[in-house]
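Hi,

Here is the structure I promised to pass on to you.

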Amino acid sequence: MKWKNLETNTIHAGKILDEQFGALNTPIYQTSTHVFESTAQGGARFSGDEQGYIYGRLGNPTVRELERRMAILEGTEDAAATGSGMGAVSSTIFALLKSGDHMIASSALYGCTYALFSNKCKDLGIEVSFVDICNETAIRNVLQENTRVIYAETPLNPNMICVDLNMIAKIGQTTGVTTVIDNTFMSPALQQPAAFGIDVIVHSATKYLNGHGDVIAGIICAKESLISEIKMTTLKNMGAILSPHDAWLVIRGLKTLHLRMERHCENAQQVAEFLEAEPLVKVVYFPGLISHQGYSLVGSQMKAAGGMIAFELNGSFSDTVHFMDTLELCKRAVSLGDAETLIQHPASMTHSGYDPETRRQAGISDSLIRLSVGLEHADDIIADLHQALEACRN
Ligand code: LCS
């Protein structure tokens, strides 16, 4: 059942009722396989004549509940849960593309997605054009007969550039190319790409969806036929499936998604305004600032600006390192979307897989710092940033 408001859906929608015991919380079906009543039943499940569970890699009731919940939250027909965000990206891409096909992707992307597209896709004979994905002409200029996929994140990891979903969807719809958006930085609480006509939404559920820094997981949301194809091909045969326990942790996280996102957004707005007013900070990239490229999309495409900020210091690389090493509350860690404020240096960490020149062209400078603003009191986060900036002034 689906309710009118997302706040209710994050808690209730897609829940599979426990008819036997009436458990409020979804049980963790921690089982690798399912018993058939008869040989004939086993055969009927394999042939598809009878619905039912077979083996954990092909489906699990707890994982299924997460999938149902995410399909409702993203507004797609169905969803498939994966063992990581990269499992979602790779299972999608290899279901949609084969040797000889062409894909258009954003030049800035999460580092491992970029590595997958630039290395493994190439090895497998899939051609990828990396472009400025905000530029409609640049996209149209590289469209080919064999283009099958347009792929982007919005906001882009790590430089926070926002991509116009209407523009991407329109190109996909007029050319028949499948559009894929990684919605990790926003979550469906702030942005629902399917509502703009995007075909496939992928997530690292490790981040905001789970929100507690205790699971690695991914989700693919799309129409039923594509999800079924992904499940029967790349997911089943390449095996990037999610465990029942991890699915349960993400379901638990989802119940507070809307509340957590509200606080992430409020805190990030305050932190971004503080950083922008700081003389030692050269530039702040945050969609909630009027100076930001994506500001006009807040309120139209995005319900709010989110909890992620990127910024650069006025100073050398060693000043950046000194600033980061002086922080006490903000934790030096990759990942994002957790209760704790996390800070990282993309050029040496998440995006170190780029060659330096390509990275620079993708708008990821050596002095860029990325902050995932947590759920602590905003004043404490700002005080920590302030004391670390003071240390750089001395
Ligand atoms: N998509 C985006 C936008 C991501 O930021 C990440 C991970 C992934 C996909 C992959 O998800 P995973 O397999 O890790 O669940 N991003 C990370 C980051 O920025 N820091 O550490 C991981």
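Below is what turned up, starting with the ligand and then moving on to the cysteines and the surface. Please keep in mind that this is a predicted model.

**The ligand site**
There are 17 residues around the ligand, and the ones that come nearest are D182, S204, T206, K207 and R370. Two of these also show up in the polar distances. An N or O atom in the D182 side chain sits 2.5 Å from a nitrogen atom of the ligand, and a polar side-chain atom of R370 is 2.6 Å from a ligand oxygen. S335 takes part through its backbone: one of its polar backbone atoms is 2.9 Å from a ligand nitrogen.

**The cysteines**
I searched the whole structure for disulfides and the count is 0. For C121, the nearest cysteine sulfur belongs to C112 and is 13 Å away. C121 counts as buried because its relative accessible area is 0%. C134 is in no disulfide either, with the sulfur of C162 as its nearest cysteine sulfur at 7.9 Å. With a relative accessible area of 28%, C134 is partly exposed.

**A nonpolar surface patch**
F46, Y55 and L58 make up a nonpolar patch on the surface, and together they have about 320 Å² of accessible area. F46 belongs to helix α2, which spans residues 39-47. Its relative accessibility is 60%, so F46 counts as exposed.

Happy to chat about any of this.

Best wishes

Methods. Residues numbered from 1 in each chain as written. Predicted model: local features only at pLDDT ≥ 70, side-chain atom pairs only at ≥ 80, totals over all residues. Heavy atoms only, no water. Patch = residues over 30% accessible without salt bridge, like charges linked within 9 Å, V, L, I, M, F, W, Y side chains within 5 Å. Areas by Shrake-Rupley, 256 points an atom, 1.4 Å probe, with all protein chains shown as cover. Salt bridge = Lys/Arg side-chain N within 4 Å of Asp/Glu carboxyl O. Helix = DSSP H or I, 4+ residues; strand = E, 2+ residues; numbered from the N terminus. Buried < 20%, exposed > 50% of the residue type's maximum accessible area, 1.4 Å probe, protein only. Disulfide = S-S within 2.5 Å. Near = heavy atom within 4 Å. Polar contact = N/O pair within 3.5 Å; in protein donor to acceptor, adjacent residues only side chain to side chain.
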